[in-house]
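I opened this entry to look up charges over rings, aromatic neighbours and helix packing, and I keep the notes in that order.

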Amino acid sequence: MLTNSESATWTSARSTLAIFVVSLGLSLFTTAYESSVIPLFASVPTLKYLDRVVHTSTALAVITPKLSSSKILLILGSLVLLAPHTSYWISVHAARFRDPIYSPLVTHAFVLAPVVYFAVSLAMNVDPRLSLIVLAANALQLRPLLTLVFGLLSLDASNNVTFTALGCVSLAVYGWMQVSMSGRGLHPNAQNTRSIVALSAIPLVFAALLYLNPILRSPTLADSLVPPYNSTAYPLRILNSTRSKTGVVVVGEILPPANGSSTPVQSIRYLRASHSLLGGVWIGDKVATLDNFPPPTDQRGTPLGDSIYSAFVLQEAVRLVNSTPQGREGEWDHALIIGLGAGISANAFTQHDIETTIVEIDPAVYDAARQYFGLSDPGSNNVFLQDARGWVRSRRAMVEAEDPSAFKYDVVVHDCFSGGGVPEHLFSIEFWNDLKTILSPEGVVAVNFAGKLVSDSSQAILVTLLRAFGQCRAFHDLIEPISQEQFHSDFVNIVFFCSPSSTPLTFRTAVEKDYLHSYLRRHVLSSLDKREINHAQIRDNSIGSMAMDEKFVLTDAHNMLNKWQEGEAFEHWKLMREVVPDVVWETY
């Protein structure tokens, strides 16, 4: 027999454990929910009000009357099991209103808020005072930690498993409580007991069917796609859909309509990561080459046309620099690609006989470029699937230790834009100084940045690059000349070409072999002189003192890039919705 003291201790320990389990379950649900809606809303719009919804729902649960714990468990289990469907379909319809702030907020209110409310209510039923402490700590720390762990371990594929497991646990506990209540004599009739057991098992059977049946399991393709998937609502084909380190990575094709009608965009193959297009090429009747030269192909022999984005070709202008010894001789021996995308620039360098090293954080992006976009095999020693910051730092250590295998790079292409923003740790002065160490003294870096030309973020990128390398020239990728209005209003790709060389950067005129039989390369590389952006159009020289420049130098300790880009991320989301139809973003 337990003494009163021992009994009280056991009860307290059980309450503490129960509240911790509820708190952990809520964190797991919120983490999986966040990951499941980001493909439809992108990261910045999704997170804008997510924490406020969690805090508001928590506060409401604290001050409002509570249902019994068994009823809460039944409701929670049902809500969580339906989450793969509700999070997807409510997001789909909310996103069609084209509002990057209120569309995700609607989804949070209908899907996330009820789960938070009932989970907190359940914890309050166990022990109100203790639950407030645990839930407050959880809201501030546990969810971000789980998000980091999910990312590091590539557990994004577990979203539906998480929802199903949490729902089943809730319903199982609900069933156990019903049976326990019956066993304690609250339902003395044996027939009633059997009915309670049967009733409590029904939700678990429903959960099993929901998970095992492919039609019921999830409306998305990432966990169950047998390629290719052809949409019945639009001339759209999904070749691959994978949940990976950076979210959902999709390779799809927008095809010509079967009935011969016209659509805004057709005959393209695209590479998508969450709510951002990483690249793409023309296919089908849009494949064309200079002099009818045989076009490149994917691994299945499908002909591939030019890039749908000019920026990736503009990056190749790094080869046209003729103010350095390598450039004058055309002897570019080693190239480094940071951020692969569809592999347009990497493939071009390989075709120009430049040994190319690739650093790409997401293995799924690399696999897609190899399989679907014609990226040739760079060799296992030239591919590093990891975050570029650590790789560059490690490479710097090798160079400084005079490791004979650590050669320096003649050209570097840095393209890490995705989803309306950039990873700020890859744009700090410390990163550029590390990169400069592994660059040859006369080497050239091409940095792609997408945003408004007249903005704090663009100015910060330019000022920091100038501080690191000493000289830069900037060019835009628009097909037509850029107007003064577009400097302030349009989302534009800018490629900065920078070098530590003491000789001012100049570019030679492009010649036929630079074009690689590509119409787009001929157009972009032959019009380089018309694309240049004066620094004064980006950098506010009216404030021009060194003291004001310091505000825009990005450092590890002071980096406002993500904050400055928040507004641009919302505009990028709306732009992506205009570039291709909603159905493209809804099919993954």
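Predicted model: local features only at pLDDT ≥ 70, side-chain atom pairs only at ≥ 80, totals over all residues.

Residues are numbered from 1 along each chain as its sequence is written, and side-chain values use heavy atoms, with hydrogens and water left out.

Counting rings of Phe, Tyr and Trp (its six-membered ring) as paired if their centres lie within 6.5 Å, I have 18 aromatic pairs.

I then went to helix packing, taking helices as DSSP runs (H or I, at least four residues) numbered from the N terminus, with axes fitted to C-alpha atoms over the stretch in contact and angles running from 0 to 180 degrees between N-to-C directions.

For H4 (residues 69-81) and H6 (residues 102-126), the axes come within 10 Å and cross at roughly 155°. The two are therefore roughly antiparallel, a term kept for angles over 145 degrees. Their crossing is left-handed, meaning that the near helix is turned anticlockwise from the far one by less than a right angle, whereas clockwise counts as right-handed. Contact (heavy atoms within 4.5 Å) involves residues including Ile72, Leu76 and Leu79 in H4, and Val115, Phe118 and Leu122 in H6. By class, I note 11 nonpolar, three polar and no charged residues there, with Ala, Val, Leu, Ile, Met, Phe, Trp, Tyr, Cys and Pro taken as nonpolar, Asp, Glu, Lys and Arg as charged, and the others, Gly among them, as polar.

H6 also meets H5 (residues 83-95), where the axes come within 8 Å and cross at roughly 150°. H5 is therefore roughly antiparallel to H6, and passes H6 in a right-handed crossing. Among the residues in this contact are Ile90 and Ala94 of H5, and Val106 and Phe110 of H6; the classes come to six nonpolar, five polar and no charged.

Last, I looked up H16 (residues 429-437) and H17 (residues 456-469), which pack at an angle of about 40°, with their axes 9 Å apart. H16 passes H17 in a right-handed crossing.

Terms used: Parallel < 35°, antiparallel > 145°, perpendicular 65-115°, else oblique. Phe/Tyr/Trp six-rings, centres within 6.5 Å; stacked < 30°, edge-to-face > 60°.
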